[in-house]
Amino acid sequence: MAYLQPLIFYILAALAIIWLISSGPVKVFRTDLHTIINLRLVPWGNAEIHCQIELLEFIRCTEQQSFKGAPVEALWKDCSEKLRFNEEIIKKCYPTGFGYKLLLQYSNETAHLKPPQEYVPWVVGNNQPLRQDFENFVKYVCQATEGDHKPATCKAQSSNLSPTIHALPQQSAIPDFYKLALQWPPSVCSSTLRCKTPIPTKFTIHGIWAQDALDKPVPPYDNRHPCTNPQPIILQSDLRQLLIRDVALRNNLHALWPNLKLRGSNIKFWFDEWRKHGTCSDFAQYPLLYFKSAIQLRTNLNSAMGLTSGSTYTVQQVADIVFQHIGASPQISCNTNINNNDLQLGEMFICYGRPGPSHLFGTPQNCSNLFFGHCNSGTNIIKFP
């Protein structure tokens with residue numbers, strides 16, 4: 001379950017109390033599996049709760065209502081009336097702060113999962129992740145059930161059960177955060193790239209990159225191990241057609257996201273970035289939003305990020321100056337000038353958390369690593385041509 005509003009978490013915590021005080025058995029799809037299984041629901045985000053499966057309809061209702069912008073009090077009360085739930089139980093939890101304590105408890109448990117959660121949904125059976133086969137979790141429950149007296153649900157399952165959960169295919173990791181990659185054209189074009197003229201004298205977009213928790217790029221879409229459904233745009237011609245229809249976006253891309261390479265076209269550059277970094281991102285089904293988000297982020301930033309062309313800085317000084325402008329520490333990438341081997345500022349990465357329900361990014365956050373490329377110390381002297 002993705003993109004829950006923060007206030008909805010309190011309602012989910014209230015459902016945890018319902019579970020705690022309930023004396024009835026946990027039901028799974030209203031079958032006889034409740035005799036052998038306990039269900040743990042893990043909504044997207046830093047929280048985990050226990051609940052009865054019949055309460056999933058209530059969770060779905062409150063989440064859908066929240067997307068419509070309804071006040072939190074009204075939305076859960078409306079759902080409570082529709083589904084005939086006891087409002088008093090939620091009232092005792094929602095305003096008291098107890099729900100928040102539960103969320104912290106379950107957040108800590110989620111953070112210490114072994115192996116760690118990689119994406120959503122993350123279904124675990126007997127401490128082993130089911131990965132892409134999560135929709136078939138019933139067969140793993142039945143497979144793990146010992147004895148001859150298995151529920152009828154299990155007897156109806158195919159006898160062709162997977163021999164081990166470990167054999168399931170790996171799915172690409174979901175993004176943990178994003179990097180807005182900005183390149184300084186005078187540095188890039190004096191290093192290894194042969195560029196068109198005139199060379200821009202402002203930071204231009206290299207891409208917006210989906211990164212995992214280890215600060216590694218999330219792998220692109222792969223038909224063998226798909227990360228999203230339906231399949232995202234994977235043909236350059238299809239992306240071109242989308243961009244042709246949005247003249248304003250295309251003009252902004254030409255101005256802020258140009259292909260600096262002498263013999264490189266803009267559309268190829270944009271498509272390569274989309275294929276590598278967008279097809280398994282939160283924007284996989286919304287390619288135009290992917291590019292619009294990058295343009296919006298770049299537009300909100302200073303054209304030179306507070307730096308003075310022709311100056312010399314230490315890497316730490318660059319980071320400090322940028323911090324004053326955006327309120328977060330960037331990641332600095334250095335390259336070398338091919339004419340004199342001077343170390344220079346080549347690119348800069350601004351880090352952002354995952355976008356919210358409207359696919360909007362929040363304010364920048366501190367990047368986990370200060371250096372990239374040829375930089376290896378905050379005291380490195382670098383040119384800013």
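A residue counts as buried when its relative accessible area is under 20%. Thr 314, at 17% relative accessibility, therefore falls in the buried class. The model discussed here is predicted. Its chain holds 13 helices and 11 strands. Of the 385 residues, 45% count as buried. Among contacts between residues at least 6 apart in sequence, 69% join residues at least 24 apart.

**Thr 314 and its contacts**

- Thr 314 lies in strand β7, which spans residues 311-314.
- Leaving out residues up to four places away in sequence, Thr 314 touches Gly 378, Thr 379, Asn 380, Ile 381 and Ile 382.

**Helices α9 and α10**

- Two packed helices are described by the angle between their axes and the distance between the axes.
- Helix α9 covers residues 236-245 and helix α10 covers residues 247-256.
- Their axes come within 5 Å and cross at roughly 110°.
- Angles of 65 to 115 degrees count as roughly perpendicular, so α9 and α10 are roughly perpendicular to each other.
- On the α9 side, the contact is made by Leu 243, Ile 244 and Arg 245.
- On the α10 side, Val 247, Leu 249, Arg 250 and Leu 253 take part.
- By class, this contact has 5 nonpolar residues, 2 charged residues and no polar ones.

**Leu 256 in α10**

- Leu 256 is placed in helix α10.
- Its relative accessible area is 14%, so Leu 256 is buried.
- Neighbours within four places in sequence aside, Leu 256 is in contact with Lys 202, Thr 204, Ile 205, Ile 295, Arg 298 and Thr 299.
- Leu 256 and Leu 182 are 74 residues apart along the chain, and their C-alpha atoms are separated by 9.9 Å.

**Aromatic pairs**

- The count comes to 14 aromatic pairs.
- The ring centres of Trp 209 and Phe 349 are 5.3 Å apart. Their planes lie at 45°, so this pair is tilted.
- The pair links distant parts of the chain, with Trp 209 in strand β6 (residues 204-211) and Phe 349 in strand β9 (residues 343-353). The two residues are 140 residues apart.
- Trp 209 has a relative accessible area of 11%, so Trp 209 is buried.
- Phe 349 is at 1% relative accessibility and therefore counts as buried.
- Trp 274 and Tyr 290 form an edge-to-face pair, 5.4 Å centre to centre with 70° between the planes.
- Trp 274 sits in helix α11 (residues 266-277) and Tyr 290 in helix α12 (residues 287-299), 16 residues apart.
- Both Trp 274 and Tyr 290 are buried.

**Aromatic cluster and a charge over a ring**

- One aromatic cluster is formed by Tyr 178, Trp 257, Trp 274, Phe 283, Tyr 290, Phe 291, Tyr 352 and Phe 361.
- The charged end of Lys 179 sits over the ring of Phe 349. The distance to the ring centre is 5.1 Å.

**Leu 360 in a loop**

- Leu 360 lies in the loop between β9 and β10, where β10 is 371-373.
- Exposed means over 50% relative accessible area. Leu 360, at 62% relative accessibility, therefore counts as exposed.
- Leu 360 and Leu 297 are 63 residues apart in sequence. In space they are 9.7 Å apart, C-alpha to C-alpha.

How values were computed
Residues numbered from 1 in each chain as written. Predicted model: local features only at pLDDT ≥ 70, side-chain atom pairs only at ≥ 80, totals over all residues. Heavy atoms only, no water. Axes fitted to C-alpha atoms, helices over the stretch in contact; angles between N-to-C directions. Helix = DSSP H or I, 4+ residues; strand = E, 2+ residues; numbered from the N terminus. Parallel < 35°, antiparallel > 145°, perpendicular 65-115°, else oblique. Contact = heavy atoms within 4.5 Å. Nonpolar A, V, L, I, M, F, W, Y, C, P; charged D, E, K, R; others polar. Phe/Tyr/Trp six-rings, centres within 6.5 Å; stacked < 30°, edge-to-face > 60°. Buried < 20%, exposed > 50% of the residue type's maximum accessible area, 1.4 Å probe, protein only. Lys NZ or Arg CZ within 6 Å of the ring centre and 35° of its normal.
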